[in-house]
Amino acid sequence: MADIEVFLDAAPGETRGVAFRDGRAETLIIHREDDRPEYRLGARVVGRVARLAPGLHGAFVDLGCGEPFGFLPLGKADRPAEGAKLELEITAEPRERKGPVLRRLGEASGEPRLVAPGPGVEAILRALYPDRPAMTGAEAIRAATEAQEEALAGGVVVSEVGLDLAIQRTRALIAVDIDYAPVAGRDSRKGREAVNREGLRETARLLGLTGWGGLAAVDLAGVGLHPESTLNMARQAFAGTQGVAVGPLSRFGLLQLSLPWGRTPADERLAGPGAAERAALHRLRLALATDRAAPRLTLHCSPASETILSPWVAELGPRAHIRPDAAPGDFHIKEG
């Protein structure tokens, strides 16, 4: 039975949900106070068809909160008129310059608006891990930070089986390279099947952690004489991922996968404006949670960062303080 740990970290301006399976992060959910609720996964909205896009087999829909408009895929027989009011569900959150993806629920009336919000982080964790209560406090801050770092790492090394995996997202597709890692005392290439199996498992885990979707090309560590067994390994690795399609396997060892989009990708969340300030805030929160003896902890930062951080630090209580006396990009915490 898998060892599953679930964490819920509620911070000023942001809530993070994380789950680890057998010591490895597999789920990372980030919701922020300034998110548009009309764009959240699972939200129900009323939208107005702004324009049809026959070349894209869909329509752009005004959700009442400006651009980017949502995109509604359409079948050949499904052609609502421009200006039509529809009730819709968000099936994929915005990414890059794209707006959310929608699913049609039925006809509607009135102005574009939010009908029902999507589930929050705590509700999502309960649905995914119903028998695992979420841990909070310092443990949750550490776990969420570790998961974020791994989501941005671009790969993983599993020395036990000699796996060196690299993963990268481009505008066109996700590129995954499953290769051999040096293993002292033995020829790692003799364990090709083990490397591919673990590599596919890690690929599924990391794609779930990052929230990436679309077309993925996986360069395996060779295929061997029985390519069907490799395809079965891929199906097993992604058995828990809804909507995934395992495509063909070339004789050169290249496997194709198609995965649905869902949440806004973690790298876009973590690389946006204010990312350095949020990281500093979490370090201050962890210091406050672990150093109970200090009567006062001060986060030193630049004046520009202080403008962003001040409202959040004020929510941490009387022990937390901020001082704008550091160089740009410099954050450090001192007692007093």
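**Helices and a sheet**

Author: The axes of helix α2 (residues 138–151) and α6 come within 9 Å and cross at roughly 150 degrees, where axes are lines fitted to C-alpha atoms, for helices over the stretch in contact, and angles run from 0 to 180 degrees between N-to-C directions. Because angles over 145 degrees count as roughly antiparallel, α2 is roughly antiparallel to α6. This is a predicted model, in which local features need pLDDT of at least 70 and side-chain atom pairs count only at pLDDT 80 or more, while totals for chains, interfaces and linings use all residues. Residues are numbered from 1 along each chain as its sequence is written, and side-chain values use heavy atoms, leaving out hydrogens and water.

Reader: Which residues of α2 and α6 make the contact?

Author: Contact means heavy atoms within 4.5 Å; A138, I141 and R142 take part from α2, and H282, R285, L286, A289 and T290 from α6.

Reader: How are the strands of a sheet held together, and what is the order of the strands here?

Author: Strands of a sheet pair through backbone hydrogen bonds, either parallel or antiparallel. Here an open sheet of six strands, with mixed pairing, runs in the order β10-β11-β12-β13-β15-β14, where pairing requires that DSSP finds at least two bridges between two strands, and helices (H or I, at least four residues) and strands (E, at least two) are DSSP runs numbered from the N terminus. At the edges, β10 (155–158) and β14 (245–249) each pair on one side only. Strand β11 (residues 163–169) pairs with β10 in the antiparallel sense over four bridges, and A166 in β11 stands opposite G155.

Note on methods. Angles under 35 degrees count as roughly parallel, over 145 as roughly antiparallel, 65 to 115 as roughly perpendicular and the rest as oblique.
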